[in-house]
Amino acid sequence: MKIGLSTGGGDCPGLNSVIRAIVRYASATLGHEVVGIEDSFNGLMVRPYKIRPLGLKDVSGILNRGGTILGTSNSGNPFKLKPGQDPKTCEKSQKVVEAYHELGLDCVIVIGGDGTQRIANQFIQLGLNIIGIPKTIDNDLINADFTTGFETAVEVASEAIIRLQSTAESHDRIMVLEVMGRHAGHIALHSGIASGAHVILLPEIPFNYNAILAKIEERRKLGHHYSVVVVAEGAHEEGQDKIYQVRPSGKRNLGGIGQVVADKLSEISGSDSRITVLGHIQRGGEPCPRDRILGTLYGVKAVDMALNGDFAKVVVMRAHKLQAVTYESISNGYRQLESNDMYLNAAEAIGVCVGR
Ligand code: F6P
């Protein structure tokens, strides 16, 4: 077989672990051909193609390397149409289809988040054999318990919270840490539990300042004049919108809620506050062992699916089992925290304030 391989969307720790597993299993162990496509689908939209053969030597030493050796992109959707344009005549997507056939690919394994998998699904409709592997530090893919990159992001955020605890205590301050998580608060919740945050604010639960103030007061009565607040970038106050930053290009990104919360808590509690925005530090650097293991399992499963002709499916880890699910089953929205989420229940049970 000739298997194409690409990474798309925002990067995350563990992508190289997936690439390594696919190349080692498909090429070195089984003798199939693996072709790396650079910068997501962009590598097939240009001429000459941005591709390279991948063998054992190319993936040596990358298991614990951050980022992706293939490069990635979260712009340049090949299906973006001009007003009134028919998808079938969309030039960029046609270039990708043309490249797929010209290169004689039997399938493409697409490692990507929700946006990339949506694009992949559109290519499936155009006849391409595609297998998806989910990745995102946000861990918000429907039908998947764990996506590559999440565990590392939790480790990074957890360490940051532990570090903030001691400086918060020394200065009797409120320390606010803003972490990633657009639609779902998995990173905030898991790292907050792991490192003893006193308040965790989540996109799923619009927060109330009185509830947070009550927690700060309760701690003061116990003699603790400091608090650590973790806030997901997609969290917002009851009745208010999410906070965005507008880039020079005009593109809006979530960000800034941490500063808003820090200022308000300082005003209503009388304590000094500081804000730390963890940002892309959560996405860079070495993947933790769990992400390296998950990446390896995902890669091997995707190759097995390719050999069995089990296309148009996404590999997910659900209830500790690797499964192949349809694209339709992952494309409707995001996996948010449910009201009966066991991590959320445990956090509230031990007195963590989630802003309500
Ligand atoms: O989807 C993962 C994520 O890390 C989000 O939490 C964050 O909002 C976004 O990517 C930022 O992506 P970028 O800065 O690459 O556009």
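How far from an oxygen atom of the ligand does a polar side-chain atom of Asp138 lie? In this predicted model, the separation between the polar side-chain atom of Asp138 and the ligand oxygen is 3.0 Å. A polar side-chain atom of Asn74 is likewise placed 3.2 Å from an oxygen atom of the ligand. For Gly181, the atom concerned belongs to the backbone: a backbone N or O atom is found 3.4 Å from a ligand oxygen. The ligand taken alone exposes 400 Å², of which 82% is buried by the protein.

Asn74, Asp138 and Gly181 are among the residues that surround the ligand. The ligand is located in the largest pocket.

The chain is divided into two domains. Domain 1 covers 2-148 + 287-318, and domain 2 covers 153-284 + 339-349. Taken over C-alpha atoms, the centres of domain 1 and domain 2 are separated by 34 Å. Contact between the domains involves ten residues of domain 1 and twelve residues of domain 2.

Definitions and conventions: Residues numbered from 1 in each chain as written. Predicted model: local features only at pLDDT ≥ 70, side-chain atom pairs only at ≥ 80, totals over all residues. Heavy atoms only, no water. Near = heavy atom within 4 Å. Polar contact = N/O pair within 3.5 Å; in protein donor to acceptor, adjacent residues only side chain to side chain. Areas by Shrake-Rupley, 256 points an atom, 1.4 Å probe, with all protein chains shown as cover. 1 Å grid on protein atoms, 1.4 Å probe; cavity = no way out; pocket = protein on both sides within 12 Å on 5 of 7 lines; lining within 4 Å. Sits in = over half its atoms within 2 Å of the grid points. Domains from an automatic or database assignment. Contact = heavy atoms within 4.5 Å.
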